[in-house]
Amino acid sequence: MQVKATDADEGVNGRVWYRIVKGNEHNHFRINPSTGLVMRGVRHLDREQNSSHVLEVEAYNTEQGPMRSSVRVIVYVEDVNDEVPVFTQRQYNRLGLRETAGIGTSVVVVRATDRDTGNGGLVNYKIVSGAEGKFEIDESTGLITTIEYLDYETKTSYLMNVSATDQAPPNNQGFCSVYVSLLNELDEAVQFSNSSYEAVIVENIPLGSEVLRVQARSIDNLNQITYKFDPNTNAQALSLFKINGITGVITVKGQVDREKGDFYTLTVVADDGGPKIDSTVVTITVLDENDNSPQFDITSDSFVSVAEDSAVGRRVAVVLARDPDAGSNGQVTFSLTSGNIGRAFEIRTTNNTYGEVFVARPLDRELLDHYTLRIQASDGGVPPRRKEHTLRVNILDINDNPPVIDSPFGYNVSVSENVGGGTAVAQVRATDRDIGLNSVLSYYITGGNEDLTFRMDRVTGEIATRPSPPDRERQSFYSLVVTVEDEGNPSLSKQGPSVSSGVLLCGHHVTGTGYASADNPNPTTLKRNKAPSDPIPEWGEEFWPVSELEDTQVL
């Protein structure tokens with residue numbers, strides 16, 4: 001601006017000079033002393049420091065002259081956008097923002113000011129960097145809010161660079177930083193290192209032995225993780241194993257017997273106190289050890305009876321033994337350890353379970369009528385375990401021995417004629433090595449007694465006279481043929497019952513005829529009462545004459 005003063009004087013006295021006498025202490029202005037033009041001084045004007053200046057301008061003729069006049073000049077400083085926005089803080093902090101904070105949660109408000117006026121003093125906010133899609137800022141208010149879910153385990157803190165820009169050219173900018181740290185919360189699931197665990201142990205493992213260790217972790221890592229068995233786990237498994245709630249070590253607490261269970265499944269739960277727990281499955285396989293001996297079944301034969309004519313190779317008994325161990329430890333084989341006199345029997349193992357006893361050599365009851373066999377069942381373990389069983393074998397008799405007359409040379413006796421009836425003449429004695437009915441003997445006169453002078457006791461073998469006494473004048477010599485027969489049943493033997501014959505000499509020597517039973521190897525066809533001359537009508541027994549007969553004795 002320009003001030004102007006006039007002076008009515010003439011000449012030198014009328015010349016006017018100008019100067020600023022007040023309000024320009026900082027030399028922001030200067031004035032042309034001759035023209036009165038007020039101009040900016042050497043010092044920069046700053047509206048933000050002083051928006052107006054009150055100057056007192058003096059007009060004068062001479063420096064020392066009394067004639068002078070002054071005027072007040074007010075200079076208003078117009079604003080230019082020369083100020084940058086300034087934040088109230090260089091760094092804003094939001095510590096402990098919950099990681100579970102929902103979308104739209106207020107985080108922090110930043111504030112910047114610009115001393116310029118008008119649009120130059122209006123500020124817009126913007127997140128320049130560091131938000132990573134999780135935060136946004138209201139450009140007018142500076143309020144920073146969440147726009148996405150946070151996760152402490154993914155990122156624990158954020159450092160954002162925020163700008164404030166005025167709205168007038170040259171759009172000055174100010175900057176600040178915003179630091180946000182997250183608060184870790186129990187929002188992550190506990191997770192086992194393995195989805196399943198497997199262990200192999202041997203039965204009878206000592207109590208307290210470690211089986212395996214399960215391990216889980218939580219990304220939150222806030223609380224101690226604890227371990228426990230799921231309550232729905234098999235009760236038998238829970239009785240055998242326990243778990244340390246802190247370390248996750250599973251140990252043995254009960255007697256492990258593979259025969260009671262060879263596979264167990266345990267469900268282990270890990271919990272850190274948060275809403276999301278985890279579980280895993282532990283499978284334990286129990287290996288066998290040879291801790292069980294074979295056991296004979298109650299159905300095993302303990303006593304059998306075997307006919308002495310049983311063929312070699314015939315099965316006579318079966319024993320059954322089981323071993324609950326596994327593999328070779330449970331495979332049973334059988335052997336005869338004692339009582340097998342003359343190796344009469346043998347035992348064969350079938351399916352590692354059955355022992356079959358067979359006749360190995362011909363049997364003879366008359367030599368040995370019973371056997372007490374000790375059968376041993378052994379498993380395949382190392383060393384093997386054994387169990388013994390007693391089998392008693394009774395040898396049944398068959399009619400395989402003929403009667404034998406005590407006197408192989410017959411009997412010579414004399415009897416007086418006219419003796420009374422029933423007078424004993426002689427007694428024939430015979431034996432039979434068989435037993436039972438096979439050894440019960442019957443005695444018959446089968447020849448030489450055509451006039452029926454003598455009779456014979458079928459049971460005792462005693463020969464006595466009949467009521468009609470012998471008459472020497474009629475017959476002075478008798479040659480009696482006696483047959484001895486056992487009572488065996490032919491259907492039970494392969495050889496028919498045999499008959500021994502003898503001749504009783506009474507004064508004169510006469511040769512007699514022998515008889516055999518139905519199963520004799522050399523029978524003839526004559527049967528009792530086939531002809532009226534049958535010599536034994538009074539006892540009613542059936543005999544067949546033979547042409548040749550061993551053990552025929554002359555009595």
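Guide: Two strands count as paired if DSSP finds at least two bridges between them. The model here is a predicted one.

Visitor: How many bridges join E7 to strand E14?
Guide: E7 covers residues 91-98. Strand E14 covers residues 173-183. These two strands run parallel. The number of bridges joining E7 to E14 is six.

Visitor: Which residue in E14 stands opposite Leu97?
Guide: Bridges join E7 and E14. Across from Leu97, on the E14 side, stands Leu182.

Visitor: What is the order of the strands in the open sheet?
Guide: The sheet has four strands. From one strand to the next, the twist averages 25°.

Visitor: Is Asn93 buried, partly exposed or exposed?
Guide: Asn93 sits in strand E7. Its relative accessibility is 44%. Buried needs under 20% and exposed needs over 50%. The value falls in between, so Asn93 is partly exposed.

Visitor: Which residue's side chain makes a polar contact with the side chain of Asn93?
Guide: The contact joins two side chains. Its length is 2.7 Å. The partner of Asn93 is Gln91.

Visitor: What separates the C-alpha atoms of Asn93 and Tyr179?
Guide: Along the chain, Asn93 and Tyr179 are 86 residues apart.

Visitor: Now a loop. Is Ser407 buried or exposed?
Guide: Ser407 lies between strand E32 (404-405) and strand E33 (411-412). Its relative accessible area is 19%. The cut-off for buried is under 20%, so Ser407 is buried.

Visitor: Which residue's backbone oxygen lies 2.9 Å from a polar atom of the Ser407 side chain?
Guide: Ser407 is in the loop between E32 and E33. The backbone oxygen at 2.9 Å from its side chain belongs to Gly410.

Visitor: What share of the chain's residues is buried?
Guide: The chain has 555 residues. Its secondary structure comes to one helix and 42 strands. The buried share is 42%.

Visitor: What share of the accessible surface belongs to carbon and sulfur atoms?
Guide: The accessible surface of the chain comes to about 30,000 Å². The carbon and sulfur share is 48%.

Terms used
Residues are numbered from 1 along each chain as its sequence is written. This is a predicted model: local features need pLDDT of at least 70, side-chain atom pairs count only at pLDDT 80 or more; totals for chains, interfaces and linings use all residues. Side-chain values use heavy atoms; hydrogens and water are left out. Buried means under 20% relative accessible area, exposed over 50%, partly exposed in between (1.4 Å probe, protein chains only). A polar contact is a pair of N or O atoms within 3.5 Å; within protein, one must be able to donate a hydrogen and the other to accept it, and residues adjacent in sequence count only if both atoms are side-chain atoms. Axes are lines fitted to C-alpha atoms, for helices over the stretch in contact, and angles run from 0 to 180 degrees between N-to-C directions. Accessible areas come from the Shrake-Rupley method with a 1.4 Å probe; for residues, only the protein chains shown count as cover.
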